[in-house]
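Here is a short briefing for a reader who is new to this structure. Look over the chain before going on to the points.

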Amino acid sequence: MYRQVFTPTERNNTVIMPREWYGREIEVIAFPVVKNGRKVESDVISFRDQRLQEIRTITNDINVDLSNFKFTRDEANNYD
């Protein structure tokens, strides 16, 4: 693994790969480094909560009566 962290100063930058990687297929992933990891985590949590609320809004009026439901493993595995 080779990691290079830098601050771009122009539109196109060059990343120099190690010589032993020449001729090999490699993958390059670039993303901005976030100094405060909690901010990113809170964004993910708020997105998850927002999405869960949207799902609950859509499915709120769907009611299924499961009061007499009994799971039977033998019926679940009966493929005949």
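A residue is called buried when its relative accessible area is under 20%, exposed when it is over 50%, and partly exposed in between. R51 has 41% relative accessibility, so R51 counts as partly exposed. The model is predicted.

**Overall make-up**
- The chain has two helices and zero strands.
- The chain has 80 residues, and 1% of them count as buried.
- The chain's accessible surface is about 9000 Å². Carbon and sulfur atoms account for 51% of that surface.

**The salt bridge**
- How many salt bridges does a search of the whole structure find? The search finds one.
- R51 and E54 form a salt bridge. Their closest N and O atoms are 3.0 Å apart.
- Side chains of opposite charge can pair when their charged atoms come close.
- E54 and R51 are three residues apart in helix α1, so about one helical turn separates them.
- E54 has a relative accessible area of 35%, so E54 is partly exposed. R51, at 41%, also falls in the partly exposed class.

**The nonpolar surface patch**
- Which residues make a nonpolar surface patch? They are I62, V64, L66, F69 and F71.
- The patch covers about 590 Å².
- F69 sits in a loop. This loop runs between α1 (37-59) and α2 (73-76).
- Is F69 buried or exposed? F69 has a relative accessible area of 57%, so F69 is exposed.

**The largest pocket**
- The largest pocket holds about 780 Å³ of space.
- The lining of this pocket has 21 residues. Those closest to the pocket's centre are Y2, R3, Q4, I29 and A30.
- By type, the lining residues are 15 nonpolar, two polar and four charged.

- Where in the chain is Y2? Y2 lies in the segment before α1.
- Y2 has 36% relative accessibility, so Y2 counts as partly exposed.
- Y2 and P18 are 16 residues apart along the chain. Their C-alpha atoms are separated by 8.1 Å.
- Y2 is also among the residues closest to the centre of the largest pocket.

Notes:
Residues numbered from 1 in each chain as written. Predicted model: local features only at pLDDT ≥ 70, side-chain atom pairs only at ≥ 80, totals over all residues. Heavy atoms only, no water. Patch = residues over 30% accessible without salt bridge, like charges linked within 9 Å, V, L, I, M, F, W, Y side chains within 5 Å. Areas by Shrake-Rupley, 256 points an atom, 1.4 Å probe, with all protein chains shown as cover. Salt bridge = Lys/Arg side-chain N within 4 Å of Asp/Glu carboxyl O. Helix = DSSP H or I, 4+ residues; strand = E, 2+ residues; numbered from the N terminus. Buried < 20%, exposed > 50% of the residue type's maximum accessible area, 1.4 Å probe, protein only. 1 Å grid on protein atoms, 1.4 Å probe; cavity = no way out; pocket = protein on both sides within 12 Å on 5 of 7 lines; lining within 4 Å. Points joined across faces, edges and corners; volume = space filled by probe spheres on them. Nonpolar A, V, L, I, M, F, W, Y, C, P; charged D, E, K, R; others polar.
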